[in-house]
Amino acid sequence: MSAKTGQAVEEEDARELKLGEDFVKAKCLMNAEVALILQRKYEQLQSFSEDAPNQISQVFEKSLQYVKRFSHYQNPNAVKQVRDVLSRNQLAEFEVCVIGNMCPETVEEAKALVPSIAKKDTD
């Protein structure tokens, strides 16, 4: 029970797509999408400032390096196509992003990585 409301609190469980209140309306992004956004911002900062290296935080740079390293797609058109293809399959935003980030080779592998999609077969 929630101490504030006196109502039962539903336990979060990604396997069941119970991700909590914060994710209900959230737009999830794949690493490749975040990489494109951060790269664009990085380029803007460099072109608008003579002192760009000192204005770009270490956290920003590390974040950009991370999403680039773990992005399977660098081409903006490929990133869009991956999202479009995955979105056609009635997947939740979270499922689209996990599958887009992990790039499973088979349906079985996708179901193992994202157990919530296995339930869609039986529904």
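Me: Is the crossing of H1 and H3 left-handed or right-handed?

Reply: The crossing of H1 and H3 is left-handed. Bear in mind that this is a predicted model.

Me: At what angle do the axes of H1 and H3 cross, and how should I read it?

Reply: The two axes cross at roughly 140 degrees and come within 8 Å.

Me: Which residues make the contact of H1 with H3?

Reply: From H1 the contact takes Asn 31, Val 34, Ala 35, Leu 38, Gln 39, Lys 41 and Tyr 42. H3 supplies Phe 60, Glu 61, Ser 63, Leu 64, Val 67 and Lys 68. Sorted by class, the contact of H1 with H3 holds 7 nonpolar, 3 polar and 3 charged residues.

Me: How is a pair of aromatic rings described?

Reply: Two values are used, the distance of the centres and the angle of the planes. In this model, a search of the whole structure gives 2 aromatic pairs. One of them is formed by Tyr 42 and Phe 60, with 6.4 Å from centre to centre and 10 degrees between the planes, and is stacked.

Me: Which parts of the chain does the pair of Tyr 42 and Phe 60 tie together?

Reply: Tyr 42 belongs to helix H1 (residues 31–48) and Phe 60 to helix H3 (residues 58–69), so the pair links parts that are 18 residues apart in sequence.

Me: How do H1 and H4 pack?

Reply: Their axes are 10 Å apart, at an angle of about 145 degrees. The crossing of H1 and H4 is left-handed. In this contact, Ala 32, Glu 33 and Leu 36 of H1 meet Pro 76, Val 79 and Arg 83 of H4. The classes here are 4 nonpolar, no polar and 2 charged residues.

Me: What angle do H4 and H5 make?

Reply: Helix H4 (residues 76–87) packs with helix H5 (residues 93–102) at about 130 degrees, and the axes are 10 Å apart. That makes H4 oblique to H5. The crossing of H4 and H5 is right-handed.

Me: Which residues of H4 and H5 meet?

Reply: On the H4 side they are Val 82, Arg 83, Leu 86 and Ser 87, and on the H5 side Glu 93, Val 96, Cys 97, Ile 99 and Gly 100. The contact of H4 with H5 divides into 5 nonpolar, 2 polar and 2 charged residues. Arg 83 is listed here, and Arg 83 is also among the H4 residues that meet H1.

Me: Which residues does Asn 101 touch, leaving out those up to four places away in sequence?

Reply: Asn 101, which is found in helix H5, touches Met 30, Asn 31 and His 72. With Asn 31 there is a polar contact: the side chain of Asn 101 reaches the backbone nitrogen of Asn 31 at 2.7 Å. Asn 31 also takes part in the contact of H1 with H3.

How values were computed: Residues numbered from 1 in each chain as written. Predicted model: local features only at pLDDT ≥ 70, side-chain atom pairs only at ≥ 80, totals over all residues. Heavy atoms only, no water. Axes fitted to C-alpha atoms, helices over the stretch in contact; angles between N-to-C directions. Helix = DSSP H or I, 4+ residues; strand = E, 2+ residues; numbered from the N terminus. Parallel < 35°, antiparallel > 145°, perpendicular 65-115°, else oblique. Left-handed = near helix turned anticlockwise from the far one by under 90°. Contact = heavy atoms within 4.5 Å. Nonpolar A, V, L, I, M, F, W, Y, C, P; charged D, E, K, R; others polar. Polar contact = N/O pair within 3.5 Å; in protein donor to acceptor, adjacent residues only side chain to side chain. Phe/Tyr/Trp six-rings, centres within 6.5 Å; stacked < 30°, edge-to-face > 60°.
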